[in-house]
Amino acid sequence: MNTRFLLALAALVILASACTSAKRPAAAEKEKNYRMAPEFALQDAHGQTVRLSDFKGKVVMVDFWATWCGPCKIEIPWFIEFQRKYKDRGFSVIGISLDEGGWQTVRPFVEEAKMNYPVLIGNDELASKYGGVDVLPTTFIIDKQGRIVATHQGLTSKDDFEDTIKKLL
Amino acid sequence: MLQEVFCWWFLALAAIPLFGQGPATQFVSAEPTPSVTAKRGATVEIPLKLTIRQGYHINSNTPAEDYLIPTVLSWDSNQALTAKGVTYPKGEAVKYDFSEKPLQVYSGAITLVSRFAVPGDAPLGPAALRGKFRYQACNDKMCFPPRTLPVSISIAVQ
């Protein structure tokens, strides 16, 4: 990285900080600005159509992942645990695979990992609706009102996920 | 409110030259390959030097696990050149938390050597060939969908 790039970056950081300060008085309005999670209808491994609206009134964690994504494999056992622990309290994980190979690739993985939550095959259209998912894993946490209250890109700590889930339940 | 909107608008504009690479950011760049001279009927080997962005890795051509997407360089063929194969460098064995065994990955600078046959009736003079370098990049926290980097070589047929 050259000096000019670093200076430009530093200027942007300062400006971003100023923008954040400008936003501070409006922090109380933050909750009103949550985006509604886009609806989807995708088929599961058994050919059943699963819609996000099927989970209305629940806290939902939508996890975009792929079988070739190493960090995703670290999170999946946590999600299996969350599903087991919080399912009866109105919580569900939905895994959306972005594997190009479809069920032929995903089904064996789901079975081997013993994934206990709905797993669906996503597509570019859905990824685009969710803001253009270009990093895996990307996880959206949706509250009981259907609003996206947290977005995590990349490997996130288990505690961060669990704290948010508990807060929302 | 107006101040905030203006502030973020200005920030977004200012950031474009730094980060404005579109949604399909590449994690690998190719060095321009010098033009090669070859005779009709000959076989030529042309190295392609690639640099993987610091902090990232891509799978080798033979990753240790079936589920990983291998790096593949493919070439079109034309009247002047016929692709005959690619020699990939050996991957570096790296152990990650998510894998039981070390994976074979590339990071930093790598060189792939492609072999081409020049047909006996190849048109004389300059010719170019296009190829595709397909890879899938990750760092230790996240992965990115497979990308294709367009590459090209030029040759002078004598």
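In the predicted model, strand β3 (residues 43-52) of chain B is joined to strand β9 (residues 109-117) of chain B by 9 bridges, and the pairing is antiparallel. Strand β3(B) also pairs with strand β1 (residues 28-30) of chain B, again in the antiparallel sense, over 3 bridges. Thr51(B) takes part in both pairings: its bridge partner in β9(B) is Ala109(B), and Thr51(B) is itself the partner in β3(B) of Ser29(B). Strands of a sheet pair through backbone hydrogen bonds, in either a parallel or an antiparallel arrangement.

Chain B also contains an open sheet of 4 strands, in the order β7-β8-β4-β11, with antiparallel pairing. Strands β7 (92-94) and β11 (137-138) of chain B each have a single partner strand and therefore stand at the edges, one side of each being left without a neighbour in the sheet.

The secondary structure of chain A amounts to 5 helices and 8 strands. Read from the N terminus, the order of elements is α-β-β-β-β-α-β-α-β-α-β-β-α. Chain A has 169 residues, of which 30% count as buried. Among the contacts in chain A with a separation of 6 or more, 72% are between residues 24 or more positions apart.

One helix pair of chain A is described here in detail. Helix α2 (residues 70-86) of chain A packs against helix α5 (residues 158-168) of chain A, with the axes 11 Å apart and at an angle of about 25 degrees. Because this angle is under 35 degrees, α2(A) is roughly parallel to α5(A). The crossing of the two helices is right-handed. On the α2(A) side, the contact is made by Trp78(A), Phe82(A) and Tyr86(A). The residues contributed by α5(A) are Lys158(A), Phe161(A), Glu162(A) and Ile165(A). By class, 5 of the residues in the contact of α2(A) with α5(A) are nonpolar and 2 are charged, with no polar residues.

Definitions and conventions
Residues are numbered from 1 along each chain as its sequence is written. Chains are lettered from A and ligands numbered from 1 in the order in which they are written. This is a predicted model: local features need pLDDT of at least 70, side-chain atom pairs count only at pLDDT 80 or more; totals for chains, interfaces and linings use all residues. Two strands pair if DSSP finds at least two bridges between them. Axes are lines fitted to C-alpha atoms, for helices over the stretch in contact, and angles run from 0 to 180 degrees between N-to-C directions. Angles under 35 degrees count as roughly parallel, over 145 as roughly antiparallel, 65 to 115 as roughly perpendicular and the rest as oblique. A crossing is left-handed if the near helix is turned anticlockwise from the far one by less than a right angle, and right-handed if clockwise. Two residues are in contact if their C-beta atoms, placed from the backbone, lie within 7 Å. Ala, Val, Leu, Ile, Met, Phe, Trp, Tyr, Cys and Pro count as nonpolar, Asp, Glu, Lys and Arg as charged, and the others, Gly among them, as polar. A residue is buried if 20 or more other C-beta atoms lie within 10 Å of its own, exposed if 12 or fewer, and partly exposed in between; C-beta atoms are placed from the backbone.
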